[in-house]
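Please keep the sequence and the model in view while going through the numbered points.

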Amino acid sequence: MSELAPFVLYFIAALLAAVTRGALRQLILLATPVVAGLHLWLNIDIGSLATHSIMSHELIVMRTDKLSLLFGYLFCIASFIAGIFSLHVKDTKQHVAGLMYAGSALGAVFAGDLITLFIFWELLAISSVFLIWARGTERAFKAGMRYLVFQVMSGVLLLAGALIYFHDTGSLAFDHIGLEGTAGWLIFLAFGIKSAFPFLHSWLTDGYPEATVTGTVFLSAFTTKVAVYALARGFAGEEILVYIGVTMACFPIFYAVIENDLRKVLAYSLINQVGFMVTGIGIGTALALNGAIAHAFSDVIFKGLLFMSMGAVLYRAGNINGSDLGGLYKSMPKTTVLCIIGALSISAFPLFSGFISKSMVMSALMHEDYGYLWLFMLFASAGVFHHAGIKIPYFAFFAHDSGIRTQEAPLNMLIAMTIAAALCIFIGTQPQFLYSLLPWEVDYWPYDTTHVLAQLQLLFFSALAFVWLNKKGLYPPELRSVNLDMEWFYRRLLPVGVQRGVSFLSNAKESAVTTLMAPMQGIRDVFSQSSYAKYHLSESWPTGSMVFWISIILAAYLLLDIFGQSL
Amino acid sequence: MPDKNQKTYLFDKPENVKRLLTGFYAICTILVIADFVVHRHIGFSWEELPAFYAIYGFAACVVLVVIAKKMRKLVMRKEDYYDE
């Protein structure tokens, strides 16, 4: 029993959720993460292995160490919170997809070899897309398709990389891989797509805002964090990741400032936060890796909280555009307070969860003397506060009163958000518990005068900039618009290019045919005037007669075949 | 339609907004003063600048917003751009 992989529990629960309804299903939704989490906490020891033979090949379905266990706990907590948040949903496919998705994430982080990882990698893609499609709109369907193409592409790269890796090394074990040879790069790229590297990120900002109210909460927790785990396991200390991570932390904040859809703002800030994790993995010291992992832990909870609060707004107000919202603190005061706790956590305010994890990555950058990159990351930290910390709560709940009067979020949503908010504060004030679960031995404590003062100055003066820009009327207003990003290349350039290409080719064909046919026509004209033109064979035959004669021939074949067999 | 709802809320009164902002400015001032009283550890030479984090935070956000506004000229399209 102790070697039961937790994904099995989730897959069984998904099956049960498909055939049950009402209170029984709600019980399954809540019990599964609790049972799986307790199973991980009590029964599973570090270093346990579970294998499964398939076609004479041994698959390691569960390999546990501190790294995989920490993600295991995290995913159980995340699916528990998301489960409560989506308890009111009647749609069966969303519940089944949610459980399959969470189970696949657990499967992936415990996978001990690349083939097992690939299987769960693809299951993650397939199960999660239903959370986008469940929205039921044509927009969501198309966005889901584009999302799926990226995810499947990532899986194909992973499989190709795994096979070449096996060919080169004779092993499929999923340990440190490193950027050597084709295999390393292919697997790196596969992980890169799922962790939303720059230029490969548009599936996230395109897909997540189109998912259902509850679907986005699931989506924000699993895919990118599985990828962060995979990078930490396979590519820790690869310096290129530092540069990729800094880029990821910096560029999305510009988009976040001008984006109108507040869930899309959060999607951009998700990339920004993953940037901090990727940077930590790239630095590769014990402090940096611990920081990356701890930040993944905090991020799942506070980003989930923010997506839940914006989901509650979308659920109640029916709209999530900054341009159409405002003044909602009047009708949704509890959601407002909970959203602000999430905003303070993502902004890394002292006493909130983001502070105790992000500061590890920042300190690691300082210890390794990445001076200029540290400045960029400090810029990104200020930017996070600006767009996620202030913009999200301000435009949704305050700003100018939009006149929308609605109800407070449903009870189950409030409970889910309260649990997440409590965890944000607990992790922020009692970081020793999270630190003790981190994979590497590190003596680190975030609360010293320098750190707290520096961070408070940074955040308060970022806020001051917001106040000043707003008072001066310099702050860009929320506008109904769409901002071009990487998806432009395949949503606009490619289709238009193909269309132009096809019409060019068909024009070319037309003129070529005309040019070639002209002499033929001339010959025909000459012939028709000659004395031979009166003979039968020189006449043009109607197509109908050709079809008639072909049918006769075919009928003859048929008869021959029938009689030939009977003879 | 705020008229229909007779209740006035916390920030409907301008004096409450003013109070909030006054408190906020006071904290900002205290944080800058604290920089001269409290000794910070220095990791990089630029951190020696008095109130470095305050200046950097303010400047970073202004630069962020100015660039983002310029970016709008380049990347912003109508809402139904992709639906055409």
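**Note on the model**

1. Asp561(A) is found in helix α20 (residues 543–566) of chain A; helices (H or I, at least four residues) and strands (E, at least two) are DSSP runs, numbered from the N terminus. Asp561(A) counts as exposed because it has 10 C-beta neighbours inside 10 Å. A residue is buried if 20 or more other C-beta atoms lie within 10 Å of its own, exposed if 12 or fewer, and partly exposed in between, with C-beta atoms placed from the backbone. Between Asp561(A) and Val217(A) there are 344 residues in sequence and 65 Å in space, C-alpha to C-alpha.

2. This is a predicted model, in which local features need pLDDT of at least 70 and side-chain atom pairs count only at pLDDT 80 or more, while totals for chains, interfaces and linings use all residues. Residues are numbered from 1 along each chain as its sequence is written, and chains are lettered from A and ligands numbered from 1 in the order in which they are written.

3. Chain A has 20 helices and three strands. Its C-alpha trace spans about 110 × 65 × 55 Å along the principal axes. Of its 567 residues, 52% count as buried.

4. Chain A is divided into domain 1 (1–147 + 194–212), domain 2 (236–478) and domain 3 (479–509); such bounds come from an automatic or database domain assignment. The centres of domain 1 and domain 3 of chain A, taken over C-alpha atoms, are separated by 36 Å.

5. In chain A, strand β1 (residues 49–54) and β2(A) run antiparallel and are joined by six bridges; two strands pair if DSSP finds at least two bridges between them. Thr51(A) has Ile60(A) in β2(A) as its bridge partner. Strand β2 (residues 57–63) of chain A has five of its seven residues buried, so it is largely enclosed by the rest of the structure.

6. Helix α14 (residues 353–367) and helix α16 (residues 411–429) of chain A pack at an angle of about 50°, with their axes 6 Å apart. The axes are lines fitted to C-alpha atoms, for helices over the stretch in contact, and angles run from 0 to 180 degrees between N-to-C directions. α14(A) and α16(A) are therefore oblique to each other: angles under 35 degrees count as roughly parallel, over 145 as roughly antiparallel, 65 to 115 as roughly perpendicular and the rest as oblique. Ser353(A), Phe355(A) and Ile356(A) of α14(A) meet Cys424(A), Ile427(A) and Gly428(A) of α16(A).

7. Which chain does chain A touch? Chain A contacts chain B, with 42 residues of chain A meeting 39 residues of chain B; a contact requires C-beta atoms, placed from the backbone, within 7 Å. On the side of chain A that touches chain B, the largest share, 16 residues, comes from α18(A). Two bridges also join β3(A) to strand β1 (residues 76–77) of chain B, and these strands run antiparallel. Val482(A) stands opposite Arg77(B) in β1(B).

8. Most residues other than glycine have a negative phi. Phe199(A), although not a glycine, has a positive phi of about 75°, and Ala51(B), also not a glycine, has a positive phi of about 55°. Phe199(A) is in the loop between α7 (181–194) and α8 (202–207) of chain A, whereas Ala51(B) lies in the loop between α1 (14–37) and α2 (52–75) of chain B.

How values were computed. Contact = placed C-beta atoms within 7 Å.
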